[in-house]
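Visitor: I would like a close look at a single part of this model, and then at what surrounds it. Please keep the explanation plain.

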Amino acid sequence: MEQFAPVKRSKDGQPVRYLVVDDSVFARKNLARMIETFGGQLAGEAGDGMTAITEYERTRPDIVLMDITMPQMEGIEAAEKIVQQHPEARIVMVSSVGYQENIVAALQRGARHFVQKPVKPEVLYEVIKYVLGEEGSVANAAGAGV
Amino acid sequence: MKMELIQPFINAADAVLAQGLKAPTSIENLSMDEEAYRRKGVAAVIWVSGDIEGHIMFDMMPQTAVRLASLLSGMELPETDTMIWEAVCELANQVIGNAVTSLNDQGFQFRVHPPAVHTSEHGAMGTEDIETLVIAFNTTVGTVYMNIALRYCQKNQAAVGL
């Protein structure tokens, strides 16, 4: 898999921490591999919206990658509940169902961005940088933030 | 079954398989299934409800599933690995999600249910109002079968002008 210039947290230069939420173990593993190529760290995983909320509280990640169609509680509802408690939460919806109503509903309820599956690593990488904004910095070859 | 309903699934399967396998695919065969569908090997099914309802099944020989899952995950997986079933479910999820996105843009309202492993030897038989179409995709890892059994939901047809 392609390697990317590592994206670090601006405040302390540490790897960006991710919570990956998807009912598919396969999808979670694939996203975890991508995160590794971005220089990030997997803070936690969840297979449904309910677990995502408790895992968010436990791990306090920098970024949440959240699927939409899941059992028990769907991703948009989970995103809304997380953002209600933590307005600073950065949630990126990652779903194969990418029609406009879904995207609008997700953004209105607190998600910061939307990426359609199958995920292209280069697309997700750009979205991560955009969503982190000044809170993230891309390390150069020597490892310093730029 | 109208082609306007089938085409988004064909396009989505072609695009998702081609991206995942990094190679083009082609349609090997397309047929109406008049008898109960006999499962080939590793299969995942997704149900949809709304203006159109029914199910779509992805099915392939075990060796094809192993090759597909290994390629998609970037590592060699043994035939017994549960990730192989997971990979086929996720493939189905991505294809159906992309097709539904396209159909939603045409005005159809859907709910997609999470994928499930299909272990029964047979699938549902086509009925008078639900025809079953089987499309065989020729890929670099083997043949991938997509079994589509959908019908327009009568109570919603008027709303979308059918």
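Where in chain A is A:Thr69 found?

Guide: The model is a predicted one. A:Thr69 sits in the loop that links S4 and H3 of chain A. With a relative accessible area of 11%, A:Thr69 is buried, because the cut-off for buried is under 20%. Setting aside neighbours within four places in sequence, A:Thr69 is in contact with residues of both chains. From chain A the partners are A:Asp23, A:Glu74 and A:Val97. From chain B they are B:Val112, B:His113 and B:Pro114.

The loop itself has another residue to look at. A:Gln72 also lies between strand S4 (63-66) and helix H3 (75-85) of chain A. The phi of A:Gln72 is positive, about 65 degrees, although A:Gln72 is not a glycine. A:Gln72 has a relative accessibility of 70% and counts as exposed, whereas A:Thr69 is buried. Further along chain A, the loop between strand S6 (113-116) and helix H5 (121-132) holds A:Pro118. The peptide bond leading from A:Lys117 to A:Pro118 is cis, and its omega is near -5 degrees.

In sequence order, the elements of chain A form the pattern β-β-α-β-α-β-α-β-α-β-α-β. The radius of gyration of chain A is 14 Å, close to the 15 Å that the globule rule gives for 146 residues, so chain A is as compact as a globular protein of that length. The C-alpha trace of chain A spans about 45 × 30 × 25 Å along its principal axes. Of the 146 residues in chain A, 54% count as buried, and A:Thr69 is one of the buried residues. Among contacts in chain A between residues at least 6 apart in sequence, 62% join residues at least 24 apart. Chain A carries 16 positive and 20 negative side chains, and the centres of these two sets lie 4 Å apart.

Three of the partners named above come from chain B, namely B:Val112, B:His113 and B:Pro114, and that chain deserves a look as well. Chain B contains four helices and seven strands, which run α-β-β-β-α-α-β-β-β-β-α from the N terminus on. In chain B, 51% of the 162 residues count as buried. For contacts in chain B between residues at least 6 apart in sequence, the share joining residues at least 24 apart is 70%. B:Lys22 lies between H1 and strand S1 (26-32) of chain B and is exposed, with a relative accessible area of 74%.

The last stop is the interior. In soluble globular proteins, nonpolar side chains tend to be buried together. The largest nonpolar core here has 50 residues, of which B:Phe9, B:Ile56, B:Phe58, B:Ile96 and B:Met146 touch the most other members. Elements of chain B that each supply at least two residues of this core include helix H1 (3-21), helix H3 (83-105) and strand S7 (142-152). H3(B) gives the most, with twelve residues. Not counting residues up to four places away in sequence, B:Met146 touches a list of residues that includes B:Phe9, B:Ile56, B:Phe58, B:Leu133 and B:Phe137.

How values were computed: Residues are numbered from 1 along each chain as its sequence is written. Chains are lettered from A and ligands numbered from 1 in the order in which they are written. This is a predicted model: local features need pLDDT of at least 70, side-chain atom pairs count only at pLDDT 80 or more; totals for chains, interfaces and linings use all residues. Side-chain values use heavy atoms; hydrogens and water are left out. The radius of gyration is taken over C-alpha atoms; the globule rule is 2.2 Å times the number of residues to the power 0.38. Buried means under 20% relative accessible area, exposed over 50%, partly exposed in between (1.4 Å probe, protein chains only). Contact means heavy atoms within 4.5 Å. Lys and Arg count as positive and Asp and Glu as negative; His and the chain ends are not counted. The place of a charge is taken as NZ of Lys, CZ of Arg, CG of Asp or CD of Glu. A nonpolar core is a set of buried Ala, Val, Leu, Ile, Met, Phe, Trp, Tyr and Cys residues joined through side-chain atoms within 4.5 Å.
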